[in-house]
Amino acid sequence: MAASARPHLLLVNLGTPDAPTPESVRAFLSEFLSDPAVVDLPRWIWRPILDKIVLRSRPDRVAEAYGLVWTEAGSPLRVATERMVEAVRA
């Protein structure tokens, strides 16, 4: 297979909550930390830890931290990633 003469660029954003609220952070953490590529533990060990400890203790604190950096445009990570994508396309 011939290599493309055009350079390639890969931008990766692993995600962000939709809002700086405990509910949104809980949903984001649940999805993100359920991915076997992110947490390398057997599901039967990890899932109870995630459900009974992480998702009960972290969302309030993490939402508070997100609230400190959140902008009118939304999540700083999402906004920055979208700007990078637009700049690369231009």
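**Aromatic pairs.** I searched the whole structure, a predicted model, and found two aromatic pairs. I counted rings of Phe, Tyr and Trp (its six-membered ring) as a pair if their centres lie within 6.5 Å. Planes under 30 degrees apart count as stacked, over 60 as edge-to-face and the rest as tilted.

**F28 and F32.** I looked up the ring geometry here. The ring centres of F28 and F32 are 5.6 Å apart and the planes are at 10°, so this pair is stacked. Both residues sit in helix α1 (residues 22–33), four residues apart, which puts about one helical turn between them. For helices I took DSSP runs (H or I, at least four residues), numbered from the N terminus.

I then checked accessibility. Buried means under 20% relative accessible area, exposed over 50%, and partly exposed in between (1.4 Å probe, protein chains only). F28 has 16%, so F28 is buried. F32 has 23%, so F32 is partly exposed.

**Y66 and W70.** I turned to the edge-to-face pair, Y66 and W70. Their centres are 5.9 Å apart, with 80° between the planes. Y66 is partly exposed at 21% relative accessibility.

**D60.** I located D60 in helix α2 (residues 43–69). D60 is partly exposed, with a relative accessible area of 47%. Which distance separates D60 and V25 in space, C-alpha to C-alpha? I read 8.1 Å, although D60 and V25 are 35 residues apart in sequence.

**Ground rules.** I number residues from 1 along each chain as its sequence is written, and side-chain values use heavy atoms, without hydrogens and water. Local features need pLDDT of at least 70, side-chain atom pairs count only at pLDDT 80 or more, and totals for chains, interfaces and linings use all residues.

Technical notes. Helix = DSSP H or I, 4+ residues; strand = E, 2+ residues; numbered from the N terminus.
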